[in-house]
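Thanks for passing this one along. Here are a few friendly notes to read with the model open beside you.

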Amino acid sequence: MKSKQDSDSHGRFAPSSAFLRRRALRARLMHTLLLLTGTLSVLVTAGIVYTLVRDAVPFFAEVGLLTFLTDTQWTPLFAQPRYGILPLLAGTLTTSLIALLVAIPAGTVLAIYLSEFAQRRLREVVKPVLELLAGVPTVVYGYFALLVVTPLLQRLIPGLPGFNMLSAGLVMGIMILPYVVSLAEDAMRAVPDALREGAYALGFSRLQTAVRVVIPGAFSGLTAAYLLGMARAVGETMVVAIAAGQNPRLTFNPLEGAATITTYIVQVSLGDAPYGSLAYRSIFAAGLTLFVVTLLFNILGFWLRRRFREVY
Amino acid sequence: MHPSPDPLPRIRAARRRDLLFATAALVVLFIASLVLFGLILDLVVRGAPHLDADFFTNYPSRRPSRAGILPAWVGTTLVMLVVAVLAIPLGVGAGIYLEEYARRNWLNDVIEINITNLAGVPSIIYGLLALGLFVHGVGLGESILTAGLTLALLILPIIVVATREALRALPREMREGAFALGADRWQTVALFLLPAARPGILTGIIVGLSRAIGETAPVITIGALTFIAFLPPPPITAEFPWISFDWLWSPFTVLPIQMFNWTSRPQPAFHELAAAAGVVLLVMTLAMNALAIYVRYRARRLLG
């Protein structure tokens, strides 16, 4: 039975003013709380930019931005330290490019197959498996690179050092493959079926439809998939820190070992650089560089993804 | 006019190319799966013999035969407790706000673009944020609390996006029905939308938490110990008030750090321990992901 206060003389629902006040108060409270949780994400970004810049600025003041961007040596732990980011960038780019050389061709072929050729049943099995693989911790891939793939490669390529960028890059390529396939397949499936049916009606085969209709239609989405894969590879830490070597070296030779930006940050974190020292600040300068590079790839990638969504 | 050439040979050629491509794609799929499952199998074969009770109850040791993962799994459990308590309400809250409350204005546009970008920030950058802000800025030190905060922020975008997608999938009529019955916005959300969106939200939460379990880089940056021979103080004590939060301030290690440490040692005996830790880690994360996929699959079937 309803309490008497909540009904009028005809038994119709008529909430008391105290009830309505309480409800309005709760509504306003929840709205405020939810708004706060929403703005938290903005605070996180602000916090990231603030902490990176706060320690990077004194670093740049001491080292010089021009030196940082153009010097070809990164030797922060030497008696006469030099701080040129180029060797670390070279390591980052080399390992990432190897990863993309694996992930882009394989990822595109698999995405075309899944989206245009495969039976629904196969797709329903492969898609969850791809998601499952995306959950494998990166440290496990690091283990694979150093202790399984490198010994195998050493049998094929005599004289390959124990730490090399080839092994790290290949394993990273396998690691980002599920991610690239998933994004690329989404992009192709977003192309409306009417376009496919039109192509079939003109006598196109499946492959012709895929290459001449679906891929051009999904172009921006595919590019986005590659860019997001690149951002993932550039920011990846554990695989390169474990398997690609620790020496900053200005080389693009995949058969050598070289440190990446992320490797350097890990290296300094494992030692104990005193708080506020130049070595401590250098990881924030390195981190800021990484943040800017991945942000560029991500923004471009998400912009393209949004574009392909709006076309259809 | 020329007589039109017979199209059949060209159609046959195109069909052959179709078949060729499909075969090539299946070969790629086969090779990729073979490589991955080969790697995982290798890990299991090397690691499994070490997975006995001692492995879970021993501290790490210089002697491989005695080393275990006790502090690592205890650390992982405690850190994940903090992550769950922080990330679930904050992430679901932000998702509800963006999907059900936010009108289109500049602030909400900023929040929305921002969350998409945060999802792409490399995890080690979160580690630097935590090092500068939590460890040295606020003075939380290299503690379980710091690790929990860091990983909670890291998985926030995953939970936000999952919550939004789950709410977006609900029909408009549900909201209109609730409003027509006199519910206000919060009642609509709490009594109608959240229960219906639960499987999708749950999927996002599980995927996020499993991501946090496996994260290594940010935890290294904030100074997780790589060799630890003690446990954090227990959360339940003998004296009043029986519950203690001292463990939040304790130094710690977690499973992926332990695995990283053993992997980077030169002695092969430690590599086998690394494989064993990897098996534990893999079982945990894969089981959680499988659960997430199952929850979503079941919800889809129920909805038809």
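1. Some ground rules before the details. This is a predicted model, in which local features need pLDDT of at least 70 and side-chain atom pairs count only at pLDDT 80 or more, while totals for chains, interfaces and linings use all residues. Residues are numbered from 1 along each chain as its sequence is written, chains are lettered from A and ligands numbered from 1 in the order in which they are written, and side-chain values use heavy atoms, with hydrogens and water left out.

2. Do look at the second largest pocket, whose volume is about 410 Å³. A pocket here is an open set of points on a 1 Å grid over the protein atoms alone, with protein on both sides within 12 Å along at least five of seven lines; its lining residues have an atom within 4 Å of a point. A volume is the space filled by probe spheres set on the points, which are joined across faces, edges and corners.

3. Which residues lie nearest the centre of that pocket? They are A:Ser269, A:Leu270, A:Gly271, A:Asp272 and B:Gly223, out of 22 lining residues. Two or more residues come from each of α11 (261-270) and α12 (278-311) of chain A, and from each of α5 (123-137), α9 (217-221) and α10 (255-263) of chain B. The biggest share, three residues, is from α11(A). Helices are DSSP runs (H or I, at least four residues), numbered from the N terminus.

4. Helix α8 of chain A (residues 206-217) has these buried residues: A:Leu207, A:Gln208, A:Thr209, A:Ala210, A:Val213, A:Val214 and A:Gly217. Buried means under 20% relative accessible area (1.4 Å probe, protein chains only). In chain A, they pack against α3 (86-117), α6 (165-189), α7 (193-201) and α9 (219-235); from chain B, α1 (8-47) joins these partners. Contact means heavy atoms within 4.5 Å.

5. The structure also holds two cavities of 30 Å³ or more, a cavity being a set of grid points where a 1.4 Å probe fits but cannot get out. The largest cavity has a volume of about 50 Å³, and its lining includes B:Met80, B:Leu151 and B:Glu215. Both α3 (70-101) and α8 (185-214) of chain B give two or more residues to this lining, with α3(B) giving the most, three.

6. Finally, the second largest cavity has a volume of about 30 Å³. Among its lining residues are B:Pro71, B:Phe230, B:Pro232 and B:Phe252.

Technical notes:
Buried means under 20% relative accessible area, exposed over 50%, partly exposed in between (1.4 Å probe, protein chains only).
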